Amino acid sequence: MVSRPPTEDELVERACGGDGAAFAALVRDHQEIAFRTAYLITRNAADAEDAAQVGLTKAWRALPRFRRGAPLRPWLLAIVANEARNRRRAEGRREGLALRAAHELPSGDAAPSPEGRALAAEQRAELLAALERLSEDDRLVLSCRYLLDLGEEETAQVLSLRRGTVKSRTSRALDRLRDRLGGDV
């Protein structure tokens, strides 16, 4: 008889019963994106690591309040994002956003030439600089949607917004980003 790995719902049930190993299995696949989410908000790797760790610990304690059958990832990321926002507010940090730690832009399948790498690096730097000049709301919605590859619903949950708000903010933020880049986005 071949055993199958437990489903997310089964792991949630076991974790609600106090099984720490089940909770560890639940969050294992979400730790990297939790860090990246926290990093986009705190703008500091050390603070992001702390926020992700504390956020996941808070999620463990809040697990009895998790709505069974709902997707776990947006719920976890919302808790981490709230912790990151709280840390950022408490510490008043306003450092520059180094998004390359959060996500590398794809370079394609073929190895680029040295000239191609230089051009791509220049374009990436220009994009990151333009993204940095956007408001925090614009930067966060675009980062969630395009750098973390979250869907509209997940972005809405992570940023504590309605889906329609995410949709409109994304559209307006992309327009502002295009303006800053001279219409190349």
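Predicted model: local features only at pLDDT ≥ 70, side-chain atom pairs only at ≥ 80, totals over all residues.
**Exercise 1. The overall fold**

Solution: 
- Step 1. Read them along the sequence. The pattern is α-α-α-α-α-α-α-α-α.
- Step 2. Look at sequence separation. Take the contacts with a separation of 6 or more; residues 24 or more positions apart account for 68% of them.

**Exercise 2. Helix 1 against helix 2**

Task: Describe how helix 1 and helix 2 cross, and which residues meet there.

Solution: 
- Step 1. Locate the pair. Helix 1 covers residues 8–16, and helix 2 covers residues 20–28.
- Step 2. Take distance and angle. Two packed helices are described by the angle between their axes and the distance between the axes. Here the axes come within 7 Å and cross at roughly 140°.
- Step 3. Classify the angle. Over 145 degrees would count as roughly antiparallel. Helix 1 is therefore oblique to helix 2.
- Step 4. The crossing of helix 1 and helix 2 is left-handed.
- Step 5. List the residues. Helix 1 contributes E8, L11, V12, R14 and A15. Helix 2 contributes A22, F23, A25 and L26.
- Step 6. Sort them by type. The contact of helix 1 with helix 2 has seven nonpolar residues, no polar ones and two charged ones.
- Step 7. T7 lies in the segment before helix 1. Its relative accessibility is 37%, so T7 counts as partly exposed. The C-alpha atoms of T7 and L26 are 9.4 Å apart, and the two residues are separated by 19 residues along the chain.

**Exercise 3. Helix 7 against helix 9**

Task: Work out how helix 7 is oriented to helix 9, and whether T170 is buried or exposed.

Solution: 
- Step 1. Locate the pair. Helix 7 spans residues 136–147, and helix 9 spans residues 163–181.
- Step 2. Take distance and angle. The axes are 9 Å apart, and the packing angle is about 105°.
- Step 3. Classify the angle. Angles of 65 to 115 degrees count as roughly perpendicular. So helix 7 is roughly perpendicular to helix 9.
- Step 4. List the residues. From helix 7 come D137, D138, V141, L142, R145 and Y146. They meet V166, R169, T170, A173, L174, R176 and L177 in helix 9.
- Step 5. Sort them by type. The contact of helix 7 with helix 9 holds seven nonpolar residues, one polar and five charged.
- Step 6. Focus on T170. T170 sits in helix 9. Buried means under 20% relative accessible area. T170 has 6% relative accessibility, so T170 counts as buried.
- Step 7. Name its partners. Leaving out residues up to four places away in sequence, T170 touches V141, L142, R145 and Y146.

**Exercise 4. Salt bridges**

Task: Find how many salt bridges the whole structure has, then examine the pairs R14 with D19, E132 with R43 and R176 with D138.

Solution: 
- Step 1. Side chains of opposite charge can pair when their charged atoms come close.
- Step 2. Count. The whole structure has twelve salt bridges.
- Step 3. Take R14 and D19. Their closest N and O atoms are 3.3 Å apart. R14 is partly exposed at 40% relative accessible area. D19 is partly exposed too, at 26%.
- Step 4. Take E132 and R43. Their closest N and O atoms are 2.4 Å apart. E132 lies in helix 6 (residues 114–132), and R43 lies in the loop between helix 3 (31–42) and helix 4 (45–62), so this pair ties together parts 89 residues apart in sequence. E132 is partly exposed at 27% relative accessible area, whereas R43 is buried at 6%.
- Step 5. Take R176 and D138. Their closest N and O atoms are 2.6 Å apart. R176 is in helix 9 and D138 in helix 7, so the pair ties together parts 38 residues apart in sequence. R176 counts as partly exposed at 32% relative accessibility, whereas D138 counts as buried at 5%.
- Step 6. Look for a network. K58, E83 and R87 are linked in a network of salt bridges.

Terms used. Residues numbered from 1 in each chain as written. Heavy atoms only, no water. Axes fitted to C-alpha atoms, helices over the stretch in contact; angles between N-to-C directions. Helix = DSSP H or I, 4+ residues; strand = E, 2+ residues; numbered from the N terminus. Parallel < 35°, antiparallel > 145°, perpendicular 65-115°, else oblique. Left-handed = near helix turned anticlockwise from the far one by under 90°. Contact = heavy atoms within 4.5 Å. Nonpolar A, V, L, I, M, F, W, Y, C, P; charged D, E, K, R; others polar. Buried < 20%, exposed > 50% of the residue type's maximum accessible area, 1.4 Å probe, protein only. Salt bridge = Lys/Arg side-chain N within 4 Å of Asp/Glu carboxyl O.
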